[in-house]
Amino acid sequence: MRRLNRKKTLSLVKELDAFPKVPESYVETSASGGTVSLIAFTTMALLTIMEFSVYQDTWMKYEYEVDKDFSSKLRINIDITVAMKCQYVGADVLDLAETMVASADGLVYEPAIFDLSPQQKEWQRMLQLIQSRLQEEHSLQDVLFKSAFKTASTALPPREDDSSQSPDACRIHGHLYVNKVAGNFHITVGKAIPHPRGHAHLAALVNHDSYNFSHRIDHLSFGELVPGIINPLDGTEKIAVDHNQMFQYFITVVPTKLHTYKISAETHQFSVTERERIINHAAGSHGVSGIFMKYDLSSLMVTVTEEHMPFWQFFVRLCGIIGGIFSTTGMLHGIGKFIVEIICCRFRLGSYKPVNCVPFEDGHTDNHLPLLENNTH
């Protein structure tokens with residue numbers, strides 16, 4: 001009984017076979033079929049390699065939501081060199097919401113040389129080249145996000161030459177924390193002095209002819225420091241053509257959460273608009289000489305997530321490639337063979353001509369070839 005049940009089960013399974021086998025004696029091979037098979041296998045191999053490269057690649061997904069965090073502080077990272085001595089300039093932040101001066105204790109004033117060394121000039125040239133490419137091809141920003149923490153630091157390299165020149169500039173670098181509202185970070189003549197109605201700078205003791213707000217922005221970012229990320233103002237250099245010159249940067253800051261396979265950080269992206277003008281009260285151009293960075297925060301927050309193709313999707317696409325090529329090449333081979341047979345048959349029918357026409361008594365003709373008679377002697 002068990003053997004009978006096994007035989008019935010096996011016969012039932014055989015009936016369900018969706019891939020019937022054809023004996024090899026019934027299979028006929030051809031040169032055209034072999035050529036099509038080679039083309040099909042080569043195409044499948046190439047597409048499989050390309051699909052595997054796509055499977056290994058990742059892409060950045062952008063999601064937008066309203067930023068509901070108002071209580072935390074905003075960190076500003078600064079590294080700016082001004083072509084004036086440190087005792088002549090002062091930097092601070094004016095909080096426009098509370099009309100008060102934010103603490104700038106985190107900034108360091110360091111005497112420096114404004115002119116760059118050859119190696120530093122090469123670094124600045126490469127950074128400016130990257131900035132120009134980023135403005136043309138925005139997709140490069142995704143590459144920078146994915147390569148964060150894997151590349152070398154984007155900070156200005158130290159001088160490689162032993163220059164005996166005395167410092168003629170002031171490097172202001174460090175970080176400070178401000179409220180998450182619009183503000184104005186500025187560098188102008190004299191040290192800042194806070195008072196109840198706002199703030200002021202001690203500029204009376206500085207000679208007017210020594211004003212020179214030529215500057216270089218080696219780094220400016222908001223939020224957590226992420227090495228490898230290039231910000232829009234990194235590598236910017238401005239040369240003043242007049243003592244009374246104002247440089248303005250209007251910055252829109254967008255809170256950004258970055259989640260990649262390497263890092264997870266809360267940083268900020270920003271866009272900037274630049275403007276510069278000469279202060280001339282007689283011509284109606286009023287203001288204060290200096291460098292002014294007016295920033296405002298966007299109400300939207302961007303979440304950037306690095307995503308990868310799941311394995312099941314890669315497997316489905318791979319099966320589609322293999323099955324699709326087999327089916328397509330099989331149909332094309334059958335259609336091509338059918339067309340060739342039709343053309344060849346027409347050529348054969350056109351090349352056939354009757355040799356002899358033997359008339360019958362009733363007027364019909366015999367188009368068959370006459371039989372050859374054997375002459376016997």
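The legends below describe close-up views of a predicted model.

Local features are given only where pLDDT is at least 70 and side-chain atom pairs only at pLDDT 80 or more, whereas totals for chains, interfaces and linings use all residues. Residues are numbered from 1 along each chain as its sequence is written, and side-chain values use heavy atoms, with hydrogens and water left out.

**Figure 1. Overview of the protein.** The secondary structure comprises 5 helices and 17 strands. Helices (H or I, at least four residues) and strands (E, at least two) are DSSP runs, numbered from the N terminus. Of the 377 residues in the protein, 33% are buried. Here buried means under 20% relative accessible area, exposed means over 50%, and partly exposed lies in between (1.4 Å probe, protein chains only). Of the contacts between residues at least 6 apart in sequence, 80% join residues at least 24 apart; a contact means heavy atoms within 4.5 Å.

Figure 2. A search of the whole structure finds 10 salt bridges, each defined as a side-chain nitrogen of Lys or Arg within 4 Å of a carboxyl oxygen of Asp or Glu. Side chains of opposite charge can pair when their charged atoms come close. In this view the side chains of R317 and E51 form such a bridge, at 2.3 Å from N to O. R317 belongs to helix α5 (residues 311-351) and E51 to helix α2 (residues 31-56), so the pair ties together parts that are 266 residues apart in sequence. E51 is buried, at 8% relative accessibility, while R317 is partly exposed, at 37%. The two side chains are also joined by a polar contact of 2.3 Å. A polar contact is a pair of N or O atoms within 3.5 Å; within protein, one must be able to donate a hydrogen and the other to accept it, and residues adjacent in sequence count only if both atoms are side-chain atoms. Leaving aside neighbours within four places in sequence, E51 is in contact with M309, F314, R317 and I321.

**Figure 3. The salt bridge between E307 and K61.** The closest N and O atoms of E307 and K61 are 3.7 Å apart in this salt bridge. Strand β15 (residues 300-308) holds E307 and strand β1 (residues 58-66) holds K61, so the pair ties together parts that are 246 residues apart in sequence. Both residues are partly exposed: E307 has a relative accessible area of 26%, and K61 has one of 34%.

Figure 4. R125 and E122 form a salt bridge in which the closest N and O atoms are 2.8 Å apart. The two residues are 3 apart in helix α3 (residues 118-136), and about one helical turn separates R125 from E122. R125 is partly exposed, with a relative accessible area of 43%, and E122 is partly exposed at 40%. Elsewhere, salt bridges that share partners join K61, E63 and E307 into one network.

Figure 5. H173 is placed in strand β6 and is buried, with 19% relative accessibility. Its side chain makes a polar contact of 3.0 Å with the side chain of E110. Not counting residues up to four places away in sequence, H173 touches I78, D79, G106, L107, V108 and E110.

Figure 6. A112 lies in strand β5 (residues 107-112). This residue is buried, with a relative accessible area of 17%. A112 touches P167, D168, A169 and R171, residues up to four places away in sequence not being counted. The C-alpha atoms of A112 and S166 are separated by 8.3 Å, although the two residues are 54 apart along the chain.

**Figure 7. The second largest pocket.** This pocket has a volume of about 400 Å³. On a 1 Å grid over the protein atoms alone, a pocket is an open set of points where a 1.4 Å probe fits, with protein on both sides within 12 Å along at least five of seven lines; lining residues have an atom within 4 Å of a point. Grid points are joined across faces, edges and corners, and the volume is the space filled by probe spheres set on the points. The lining has 24 residues, of which N77, A155, H219, S221 and L225 lie nearest the centre of the pocket. The elements giving two or more residues to this lining are β2 (73-82), β6 (169-179), β10 (215-223) and β13 (264-278). By class, the lining has 7 nonpolar, 12 polar and 5 charged residues. Ala, Val, Leu, Ile, Met, Phe, Trp, Tyr, Cys and Pro count as nonpolar, Asp, Glu, Lys and Arg as charged, and the others, Gly among them, as polar.
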